[in-house]
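Hi,

Here is the structure I promised to pass along. Have a look at it first, and then read on for what I found in it.

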Amino acid sequence: DQHYFWGISLGAILGTSLMGLSPDTERSVMTVGAGIFPLMQSRSAAFAELELVYSGWYEERIDREFYWSVIGQLFDQVDPIAYAPHLLDDPLPGTPAKKIMYQLSLGDELVTNVAADIVARTAGFEQLGPTPHEVWDMPIAPDPPYDGSALQYWDSGVPAAPVGNEPPDFNWSEAAHIAIIGATSAETQMDVFLRPNGLVTNQCEGICDLD
């Protein structure tokens with residue numbers, strides 16, 4: 001009688017929008033997701049090769065940034081940032097309030113943490129601690145277990161992403177983006193959460209890492 005949603009990467013990005021619209025699914029886990037497509041593009045290693053082609057028409061980076069922002073308007077109807085305010089509170093007509101576990105990997109090379117932080121803060125998540133990365137202006141969650149929603153960061157062990165709008169170095173063998181998928185602590189947390197009476201738990205002793 002129960003159905004849940006687990007989104008990974010683009011599945012977590014568009015899955016956040018899906019949850020904002022869904023009249024049926026109330027509980028979900030989003031792993032390495034974010035939102036705001038123009039913000040994500042220039043900071044994603046996945047976009048680097050496309051930028052090489054794109055730069056043939058627009059040599060100056062500032063021009064490319066401008067047009068990414070303009071093109072981003074085409075994504076507004078599906079961008080998670082549009083639905084984030086309606087996930088936990090003020091649900092859209094005909095949809096229930098949601099309970100979401102937001103799992104993030106510090107230093108994510110493909111889905112930038114800064115975009116994830118903005119979406120999560122806009123949605124009104126609370127952050128499980130202790131944490132390797134404190135999201136600005138996000139309250140610390142109550143001591144788990146509890147019934148509700150939360151965000152948790154895993155320390156992937158990779159260098160911090162560049163501060164500016166550029167992609168970090170990337171290789172699949174050491175990628176923070178995929179390292180969290182299959183981590184025992186993340187899977188156990190999801191197993192406890194995606195149940196009819198599911199709870200937010202912290203499966204880590206201290207700061208979560210992927211060792």
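Let me start with the link between Cys-204 and Cys-208: with 100° about the S-S bond, it is right-handed. Keep in mind throughout that this is a predicted model. The sulfur atoms of Cys-204 and Cys-208 sit 1.9 Å apart, and the two residues form a disulfide. The count comes to one disulfide. A disulfide is a covalent bond between the sulfur atoms of two cysteines. Cys-204 and Cys-208 are both buried.

Now the sheet. Four strands make an open sheet in the order β1-β2-β3-β4, with parallel pairing. At the edges are β1 (5-8) and β4, each of which pairs on one side only. From one strand to the next the twist averages 15°.

β1 and β2 are joined in the parallel sense by four bridges, and Gly-7 stands opposite Met-30 in β2. β3 (residues 99-105) runs parallel to β4, with five bridges between them, and there Ser-105 faces Trp-154 in β4.

α1 lies across β1, β2 and β3, and runs at about 140° to β1. α6 also packs on the sheet, where it touches β3 and β4, and its direction makes about 160° with that of β3. Together β3, α6 (residues 113-123) and β4 make up a right-handed β-α-β unit.

Which residues of α6 are buried? They are Asn-113, Ala-115, Ala-116, Asp-117, Val-119, Ala-120 and Ala-123. These buried residues pack against β3 and β4, and also against α1, α2 (37-41) and α5 (80-83). Just after α6 comes Gly-124, with a positive phi of about 95°.

Most residues other than glycine have a negative phi, and most peptide bonds are trans. Asp-137 counts as exposed because its relative accessible area is 57%, and the cut-off for exposed is over 50%.

Ile-36 has a positive phi as well, near 65°, and is likewise a residue other than glycine. You will find Ile-36 in the loop between β2 and α2.

Two more residues, in case you are browsing the rest of the model. Ser-22 is in the loop between α1 (10-21) and β2 (27-31). Ser-22 counts as buried because its relative accessibility is 8%, and buried means under 20%. A polar atom of the Ser-22 side chain lies 3.0 Å from the backbone nitrogen of Thr-25. Leaving out residues up to four places away in sequence, Ser-22 touches Thr-95, Pro-96 and Lys-98.

Leu-199 is in the segment after α8 (184-193). With 30% relative accessibility, Leu-199 counts as partly exposed. How far apart in space are Leu-199 and Gln-189? Their C-alpha atoms are 8.7 Å apart, and in sequence the two are ten residues apart. Again leaving out residues up to four places away in sequence, Leu-199 touches Arg-27, Pro-145, Tyr-146, Asp-147, Val-192 and Phe-193.

Cheers

Terms used: Residues are numbered from 1 along each chain as its sequence is written. This is a predicted model: local features need pLDDT of at least 70, side-chain atom pairs count only at pLDDT 80 or more; totals for chains, interfaces and linings use all residues. Side-chain values use heavy atoms; hydrogens and water are left out. Helices (H or I, at least four residues) and strands (E, at least two) are DSSP runs, numbered from the N terminus. Buried means under 20% relative accessible area, exposed over 50%, partly exposed in between (1.4 Å probe, protein chains only). A polar contact is a pair of N or O atoms within 3.5 Å; within protein, one must be able to donate a hydrogen and the other to accept it, and residues adjacent in sequence count only if both atoms are side-chain atoms. Contact means heavy atoms within 4.5 Å. Two strands pair if DSSP finds at least two bridges between them. A crossover is right-handed if, with the strands pointing away from the viewer, the path from the first strand over the helix to the second runs clockwise. Axes are lines fitted to C-alpha atoms, for helices over the stretch in contact, and angles run from 0 to 180 degrees between N-to-C directions. A disulfide is a pair of cysteine sulfur atoms within 2.5 Å.
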